Amino acid sequence: MSAAPRQQGRVVWLTGLSGAGKSTLASALYAELLARGEAVELLDGDAVRENLSKGLGFSKADRDTNVRRIGFVAGLLAKHGVTVLVSAISPYADTRSEVLSGLPNALEVFVDAPLEVVTERDVKGLYLKALAGEIPHFTGVSDPYEAPTAPGLHLRTDQISVEEGLRQLLAHLDREAVGA
């Protein structure tokens with residue numbers, strides 16, 4: 001007797017500046033999907049960089065390699081029915097598009113907050129150091145962040161609460177599931 005075919009998973013890719021709220025929203029979504037009984041995994045950019053991409057720097061080539069590695073792992077998990085939440089700055093639009101185009105049921109979520117807001121939220125003071133020229137290659141200051149031009153979902157976290165962002169994410173995912 002053969003096993004029933006497994007439903008393909010999906011990838012929710014949250015992109016935005018450091019401090020925009022990607023990890024916060026991804027963690028909230030993770031908890032909600034887990035409570036619903038979904039197979040879900042969270043790939044946080046900081047954790048991936050520490051464990052899968054250790055040794056990579058912050059050149060465009062290294063950042064692209066990091067994003068491609070995250071995409072590879074996300075694709076493997078999604079192929080086996082897992083909802084994968086990616087929370088990663090992923091600053092370059094071309095690489096993000098390339099990776100997302102190869103992922104099943106991918107949703108690009110632009111977690112958007114202006115530089116002034118993320119600077120205020122930054123408890124480590126990294127933005128202030130970058131603005132003072134003390135940190136080179138800092139995304140959004142001395143390195144580019146190329147915002148998505150047509151994301152599947154655009155969340156302005158300077159204008160909405162985490163709860164409202166989670167509500168919008170769930171509503172979008174529920175609509176997609178119904179349409180599938």
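Predicted model: local features only at pLDDT ≥ 70, side-chain atom pairs only at ≥ 80, totals over all residues.
Helices here are DSSP runs of H or I of at least four residues and strands are runs of E of at least two, numbered from the N terminus. The elements that contribute two or more residues to the lining are α1 (22-35), α2 (45-51), α3 (60-79) and α6 (126-131).

I then noted that 32 residues line this pocket, with S18, G19, D46, I89 and L126 nearest its centre, and that its space comes to about 870 Å³. A pocket is an open set of points on a 1 Å grid over the protein atoms alone where a 1.4 Å probe fits, with protein on both sides within 12 Å along at least five of seven lines, and lining residues have an atom within 4 Å of a point. The volume is the space filled by probe spheres set on the points, which are joined across faces, edges and corners.

I checked the UniProt record, an unreviewed entry, whose "binding site" annotation covers G16, L17, S18, G19, A20, G21, K22 and S23. Of this set, S18, G19, A20, G21, K22 and S23 belong to the pocket lining, and L17 lies in the loop between β1 (10-15) and α1. Such annotations may be inferred rather than shown by experiment.

I numbered residues from 1 along each chain as its sequence is written. Local features need pLDDT of at least 70 and side-chain atom pairs pLDDT 80 or more, while totals for chains, interfaces and linings use all residues, and side-chain values use heavy atoms, with hydrogens and water left out.
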